[in-house]
Amino acid sequence: MGLTYVALLVAVLIAVDLYSSRVIRSQAIRSANSQLTSLLNVAETRPPQAGDPEDLRRWTEWMAKSGARVSIIDSNGQVLADSATDATKMENHADRPEVQQAMAEGRGQAVHHSVTLDRELVYQAVRYQAVDGESLVIRLAVPLSEIDLSVRELRGRLLIASILMLLIGAIASLGFARMFAARIERLKDFSQRIAEGNFRPLLREGPRDELSDLADSMNQTAARLDLEIRMLSGERNRSSAILRSMVEGVAVIDAEERLVFYNRAFSEIFGVQASTADGRPVIEAVRNAELVGLIRKALRGEEGLQNDISMGIVQMQSFSVTAAPVKALEVANGGNASATAKPSGAVVVLHDVTELRRLERVRQDFVANVSHEFKTPLTAIQGFAETLLSGALDDPTNNRRFLDIIRNHAIRLARLTNDLLKLARIEAGKLEVEFFPVGLMELIEGCAETTLLKASRKQITLEIEVPPGLPPVRGDAGLLRDVLQNLLDNAIQYTPECGNIRVTAEAKAREAVITVSDTGIGIPASDKERIFERFYRVDAARSREAGGTGLGLSIAKHIVEAHGGRLWVESVMGEGSKFSFSIPIAS
């Protein structure tokens with residue numbers, strides 16, 4: 001503050017110096033012009049003879065006795081005579097302002113630097129008509145050196161006075177500054193503490209003045225900021241916890257279509273990196289035209305936007321997307337807040353409905369498949385029953401055959417119904433599994449005995465290779481028997497006559513693996529991932545002809561997974577298939 005006062009004092013002194021110098025100079029120039037005017041009036045009463053050089057010289061010397069410089073200039077700017085120097089050596093003066101003005105208006109005056117004398121002069125010139133009719137200019141000039149000397153003397157006095165005033169002002173301002181420096185320093189430290197988050201109030205010190213009022217105001221501001229920050233921090237922590245725990249992807253986009261906020265679920269969906277995505281255009285971070293189009297509609301102010309999008313190349317994912325505009329509030333002149341017409345951003349919420357859509361497709365496929373599987377036997381039963389009722393019942397040749405067909409289709413319906421009920425219990429988590437140690441040799445031999453009769457009918461060789469001493473597995477013997485029997489039945493079904501089926505078992509670190517290999521028709525590579533689906537058949541005609549329901553492998557897979565194992569297949573078209581399943585070893 002003291003430096004401010006000193007600076008103001010210096011500015012005032014400089015202004016006084018400049019103003020006084022200008023005033024003295026202006027007064028001196030006016031005085032010189034008045035003197036030159038009087039001399040020109042005298043000169044006009046006795047003008048020189050332009051045609052006589054000697055007369056011009058004498059006349060010039062006579063006028064120069066007044067102390068002024070005298071010059072005679074013709075209409076072309078040529079200097080005919082000059083009291084200060086040789087006129088023949090002087091340059092043309094046609095461009096001098098006072099000469100130009102005198103030739104144009106009759107009189108002229110100017111202040112400028114003289115090239116001949118190398119000093120600043122005050123000039124006045126008057127035009128007169130010589131006897132021979134030629135127009136001449138009489139120019140008189142006086143130097144400003146005396147004026148400059150006066151100005152320097154004044155500035156010297158002002159400098160001394162200014163130094164004295166500066167010393168007095170500096171002493172006074174130093175005392176004044178020291179009085180406020182400590183209080184201002186405390187206020188500065190307090191504001192710094194507020195900026196760093198320390199809102200401890202400042203103790204009141206010193207007299208009651210503007211600084212004390214400022215300290216009170218800052219204390220109130222600090223207390224209010226402390227309260228607001230605590231509230232905002234609590235809200236932010238709650239909001240962050242909610243957003244982090246949400247399985248839905250949430251993102252906020254500003255009016256320039258830039259990504260300004262997103263939660264962890266959103267970053268996982270689109271593979272967004274926090275270090276590179278903030279502030280990026282949403283089209284670069286998302287790269288999905290449908291989603292970007294929905295966001296742009298929201299940014300235009302459209303409400304109630306909802307759409308389903310699909311993403312992915314290898315594994316498709318489905319999302320239900322909701323977008324809504326965010327309209328910022330602006331305060332009107334009356335103090336009431338109102339929403340602006342144009343949204344300031346948009347909020348996007350993505351809900352993963354991949355599993356829901358998959359279940360819907362499974363349900364639709366299941367209904368279609370069940371309807372198809374039931375339709376064939378029911379149609380056959382209905383057709384043959386109507387045939388019998390229409391008179392074939394009395395036909396001893398065909399009535400028994402028709403009844404056998406009806407019975408076979410009824411058996412197939414019963415088997416299909418049982419398999420559906422079993423699969424429904426398994427998928428509903430109601431499958432009752434009783435875990436006991438199960439010997440692999442007993443399990444395989446029991447299923448092999450059942451399969452031998454079917455194998456002999458097609459002249460298929462059944463081989464069993466089970467090394468002695470295999471540890472028992474942990475599982476339900478009945479359910480594991482269903483799994484192995486299903487694999488053997490499928491091998492018999494899809495292996496041509498005189499083929500070969502081999503059952504092997506081996507023990508690994510924590511599990512035992514049972515494998516059923518055949519030399520059947522094989523499974524196409526495109527069907528390997530789908531054969532464990534419900535009602536999916538590689539050869540539908542052969543499966544139905546053999547009485548298969550299309551649910552065996554699906555049931556087997558669920559049973560194996562319920563035991564903590566897995567079921568997989570390896571196959572080559574035309575060479576055969578190899579089905580394997582693993583079961584944990586009993587501890």
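This is a predicted model: local features need pLDDT of at least 70, side-chain atom pairs count only at pLDDT 80 or more; totals for chains, interfaces and linings use all residues.

Tutor: Residues are numbered from 1 along each chain as its sequence is written, and side-chain values use heavy atoms, with hydrogens and water left out.

Student: How many salt bridges does the structure hold?

Tutor: A salt bridge is a side-chain nitrogen of Lys or Arg within 4 Å of a carboxyl oxygen of Asp or Glu. The structure holds 14. One of them joins arginine 224 to glutamate 228, at 3.2 Å from N to O.

Student: Where do arginine 224 and glutamate 228 lie?

Tutor: Both belong to helix H5 (residues 210–245), four residues apart, about one turn of the helix. Helices here are DSSP runs of H or I of at least four residues, and strands are runs of E of at least two, numbered from the N terminus.

Student: Is arginine 224 buried or exposed?

Tutor: Buried means under 20% relative accessible area, exposed over 50%, and partly exposed in between (1.4 Å probe, protein chains only). Arginine 224, at 54%, is exposed, whereas glutamate 228, at 30%, is partly exposed.

Student: Which residues have a positive phi?

Tutor: Most residues other than glycine have a negative phi. Here, glutamate 257 has a positive phi of about 60°, in the loop between strands E6 (249–254) and E7 (259–262). Arginine 287, at about 55°, lies in the loop between helices H8 (282–286) and H9 (289–299).
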